[in-house]
Amino acid sequence: MIETQLHGDILEIVMNNSPVNALGFGVRQGLAQAIADAQADPAVRAIVIRGDGKLFSGGADITEFGKPFAEPGLPQVVDAIEASAKPVVAAIHGLALGGGLEVALGCHYRIATPETKLGLPEVSLGLLPGAGGTQRLPRLIGVEAALEMIVSGSPIPAAKGAELGLIDKLAEQD
């Protein structure tokens, strides 16, 4: 569910859990291991995280709801990404929703295609972002804009994300 490839001194970590790159146990475990391995590898100077297929990540794996919890949890994975001594870039395309956006928020930089949508829609299910998004988002874009995203659950386009400071750079699809 996680593929890695070293391009020179940049480690590419690809979430590959079709159809929406849901952040189930296998993806969380793989992300945590890939980040830990990158920290220990002197050949790696930077890390890029992206999703395979049509989107970055649609968030939590709803098939795990109501089942016994398996470590690592998403908060620990996002904390490990944020604590990386090496810069971590989220290369976002398609959608980054819920936990997917929280993974991106844990990264040091976020690059997105113009067609990307970003959001925390779990409020529409009666849930709050649970991996630090309610803390990281206001620090990044300010309380007012973050509160609107958190309580409405409505995704925003990447251009708006760039305007707010959520996206550091807009890039073309390729």
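Buried residues make up 44% of the 174 residues in the chain. Buried means under 20% relative accessible area, exposed over 50%, and partly exposed in between, with a 1.4 Å probe and protein chains only. The model is predicted: local features need pLDDT of at least 70, side-chain atom pairs count only at pLDDT 80 or more, and totals for chains, interfaces and linings use all residues. Residues are numbered from 1 along each chain as its sequence is written, and side-chain values use heavy atoms, with hydrogens and water left out.

The chain holds six helices and nine strands. These are DSSP runs numbered from the N terminus (helices: H or I, at least four residues; strands: E, at least two). The radius of gyration is 15 Å, close to the 16 Å of the globule rule for 174 residues, so the chain is as compact as a globular protein of that length. That radius is taken over C-alpha atoms, and the rule is 2.2 Å times the number of residues to the power 0.38. The C-alpha trace spans about 40 × 40 × 25 Å along its principal axes. The accessible surface of the chain is about 8400 Å², and carbon and sulfur atoms hold 58% of this surface. Areas come from the Shrake-Rupley method with a 1.4 Å probe; for residues, only the protein chains shown count as cover. Of the contacts (heavy atoms within 4.5 Å) with a separation of 6 or more, 68% link residues 24 or more positions apart.

Six strands build an open sheet of mixed pairing, in the order S1-S2-S3-S4-S6-S9. Strands pair if DSSP finds at least two bridges between them. S1 and S9 (169-170) stand at the edges with a single partner strand each, so one side of each lacks a neighbour in the sheet. S1 (residues 2-7) and S2 (residues 10-15) run antiparallel and are joined by six bridges. His7 has Ile10 of S2 as its bridge partner. Two residues lie between the strands of this hairpin, where Gly8 takes a positive phi near 65°. S3 and S4 run parallel, with four bridges. Here Ile47 stands opposite Val88 in S4. S4 is mostly covered, with four of its five residues buried.

The largest nonpolar core has 41 residues. Such a core is a set of buried Ala, Val, Leu, Ile, Met, Phe, Trp, Tyr and Cys residues joined through side-chain atoms within 4.5 Å. Those with the most contacts inside this core are Ile13, Leu31, Ile49, Phe56, Ile92, Leu137 and Leu166. At least two core residues come from each of S2, H1 (25-40), S3 (46-51), H2, S4 (88-92), H3, H4 and H5. H1 gives the most, with five residues. Beyond its neighbours within four places in sequence, Ile13 touches Ile2, Glu3, Thr4, Leu31, Ala34, Ile35, Ile47, Val48, Ile49 and Arg50.

In H3, eight of eight residues are buried. In H4 (residues 133-141), the buried residues are Gly133, Arg136, Leu137 and Ile141. Seen down the axis of H4, they fall within an arc of 100°, so they line one face of the helix. The arc is that of the directions from the helix axis to the C-beta atoms. These buried residues pack against H2 (74-82), H3 (99-106), H5 (143-152) and H6 (158-164). Just after H4, Gly142 takes a positive phi of about 95°.
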